Amino acid sequence: KYNEIPLYDKYKIKIKTYIKVIEGKLENGDLENSIPKLKGETMFKVKKKIVKRIIYGSSFKVIDNKNFELDLVLDSGIPIKQLIGGQESINPCLSDLLNKKCECVFFDIFDIILNCI
């Protein structure tokens, strides 16, 4: 029966993103100081409605002074490219935290953690 099927509303995802710094270069300490601030509550607009989601954790790997990888564990529904580049209103935004224009070149979801309602 339909009412016996567990429903999944919110779930967490683990993603890996490849990020390119468009304006400027990464300096020593940029990522170490900024990435921890990305953790916590994030807010953004969807159809004139404020939506709140949570970023649970993050880690990074520097490739060179213009590129790095960022691993995130977060709630579903967060617009990833917006979270990185900040073309539309989202708080926090990685580009704002680094004070450098960033672009999400690509991202991949590598795990989904389901929470039953």
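Predicted model: local features only at pLDDT ≥ 70, side-chain atom pairs only at ≥ 80, totals over all residues.
Among contacts in this chain between residues at least 6 apart in sequence, 66% join residues at least 24 apart. The chain has 117 residues, and buried residues account for 32% of them. It exposes about 7500 Å², of which carbon and sulfur atoms supply 50%.

Let me turn to the order of the elements. The chain contains 3 helices and 6 strands. Read from the N terminus, they follow the pattern β-α-β-β-β-α-β-α-β.

Most residues other than glycine have a negative phi, and most peptide bonds are trans.

The peptide bond between Asn-91 and Pro-92 is cis, with omega at about 0 degrees. Pro-92 is situated in the loop that runs between strand E5, residues 90-91, and helix H3, residues 94-98.

Although Lys-47 is not a glycine, its phi is positive, near 50 degrees. Lys-47 belongs to the loop between strand E2, residues 40-46, and strand E3, residues 49-62. Is this residue buried or exposed? Lys-47 counts as exposed because its relative accessibility is 80%, and the cut-off for that class is over 50%.

Asn-99 is found in the loop between H3 and strand E6, the latter covering residues 102-116. With a relative accessibility of 69%, Asn-99 is therefore classed as exposed.

That loop brings me to Lys-100, which also lies between H3 and E6. Why does Lys-100 count as buried? Its relative accessible area is 16%, and buried means under 20%, so the residue falls within that class.

Which residues does Lys-100 contact, once its neighbours within four places in sequence are set aside? They are Val-21, Glu-23, Lys-25, Leu-26, Glu-27, Asp-30 and Ser-95.

To conclude, I would ask you to locate two sites in the structure above: the cis bond joining Asn-91 and Pro-92, and Lys-100 with its contacts, among them Glu-23, Glu-27 and Asp-30.

Conventions
Residues numbered from 1 in each chain as written. Heavy atoms only, no water. Helix = DSSP H or I, 4+ residues; strand = E, 2+ residues; numbered from the N terminus. Buried < 20%, exposed > 50% of the residue type's maximum accessible area, 1.4 Å probe, protein only. Contact = heavy atoms within 4.5 Å. Areas by Shrake-Rupley, 256 points an atom, 1.4 Å probe, with all protein chains shown as cover.
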